[in-house]
Amino acid sequence: AELVERRRWLSERRFLHALNYCMLLPGPEATQLATYLGWLMHGVPGGLVAGGLFLLPSVLVLLSLASIYALWGQLPLLTAVFWALKPAVLAIVLQAAWRLGRRTLHTPLLVAIALAALLGLSLLHLPYALLLAGAALLGALAARYRPHWIRRAQAGHAPAGAAAALTAPPSPALHDDRTPPPPHARFSRRGLALALLAGGLALGVPLAALGLADGWNGLLATMARFFSKVALLSFGGAYAVLPYVAREAVNDFGWQSAAQMVDGLALGETTPGPLIMVVGFVGFMGGWHEAGTLARALSAGLVVVWFTFLPSFVFI
């Protein structure tokens, strides 16, 4: 509404193309879309400003609430608030899972893949990456040899608004359907090399510094490595990856309890910004339980945010 209809920065078709492009990438698509639109308008500085300011309010709000939770969360009033929030959050998660399932599981094979993934996670404790790779392989094989196993029997009709957008004449937008890509948006080997170099330095230098300062197996370096992996495996949005994060953070690393994870989801659901920002709460609580100081907790939260969202900027 803001960029397409009011400001006329780009056409609706170009906006939908950008959205579909971002949904194909691992990581939070809303953050990537904001970064992409800033990059399209003003190159790398625009992408950094748009993506960074899209995340900054959420980071500040969530870490502030996490600090209040850690310092005063045991007070009767706040305890009662979180006990009331937990069932509401669980209802939101269940409703989201049901809605996503109804939109996604429309053939027996897809239902079987979902059930196999559930059993693999809960009973067999298979690696999350292995489940994603297995599902992708099954999808590729089915698309090649049995397409009807993964596609609807009859394709539905596009909504009237979408059909109109695809058939409407080009709009007088700054970036409309026929506007050639700006110079910075054209492929360049030098640009690709510089982006990969900058991304590698932004990942490698902080990770090396954390390893030297805190030990390679210390809390901060471990969180940096784990959430970098999360960022590269987070297909399907926050609701798909957060169960994996919760299992690892609670059962394997012991950064927080299961009840605290639900409390973190409650904070994430009631604050602005992408839900995946809950990972900042996970990092905060891990640092709090290790040292019991706000400085350590905030450091851990910021490390998690950096390594979770950095790959999105590098991809764009």
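1. The axes of helix α9 (residues 219-233) and α13 come within 9 Å and cross at roughly 30 degrees. The model is predicted: local features need pLDDT of at least 70 and side-chain atom pairs count only at pLDDT 80 or more, while totals for chains, interfaces and linings use all residues. Residues are numbered from 1 along each chain as its sequence is written, and side-chain values use heavy atoms, with hydrogens and water left out. Helices are DSSP runs (H or I, at least four residues), numbered from the N terminus. Axes are lines fitted to C-alpha atoms over the stretch in contact, and angles run from 0 to 180 degrees between N-to-C directions.

2. α9 and α13 are therefore roughly parallel to each other (angles under 35 degrees count as such, and those over 145 as roughly antiparallel). Their crossing is right-handed, that is, the near helix is turned clockwise from the far one by less than a right angle.

3. In this contact (heavy atoms within 4.5 Å), the α9 residues include Leu219, Met223, Phe227 and Ala231, and the α13 residues include Arg296, Val303, Phe307 and Pro311. By class, the contact of α9 with α13 has 13 nonpolar, three polar and one charged. Ala, Val, Leu, Ile, Met, Phe, Trp, Tyr, Cys and Pro count as nonpolar, Asp, Glu, Lys and Arg as charged, and the others, Gly among them, as polar.

4. α13 also packs with α3, at an angle of about 155 degrees and with the axes 10 Å apart. α3 and α13 are therefore roughly antiparallel to each other, and their crossing is right-handed. α3 contributes Gly47, Gly51, Gly52 and Leu55, among others, and α13 contributes residues including Gly301, Val305, Phe309 and Phe313. This contact of α3 with α13 divides into 12 nonpolar, nine polar and no charged residues.

5. The second largest pocket has a volume of about 1200 Å³. A pocket here is an open set of points on a 1 Å grid over the protein atoms alone, where a 1.4 Å probe fits, with protein on both sides within 12 Å along at least five of seven lines; lining residues have an atom within 4 Å of a point. Points are joined across faces, edges and corners, and the volume is the space filled by probe spheres set on them.

6. This pocket is lined by 35 residues, with Val44, Ala195, Phe313, Val314 and Ile316 nearest its centre. α3 (29-72), α8 (189-214) and α13 (294-315) each supply at least two residues of the lining, and the largest share, 12 residues, comes from α3. The lining comprises 27 nonpolar, seven polar and one charged.

Key:
Parallel < 35°, antiparallel > 145°, perpendicular 65-115°, else oblique.
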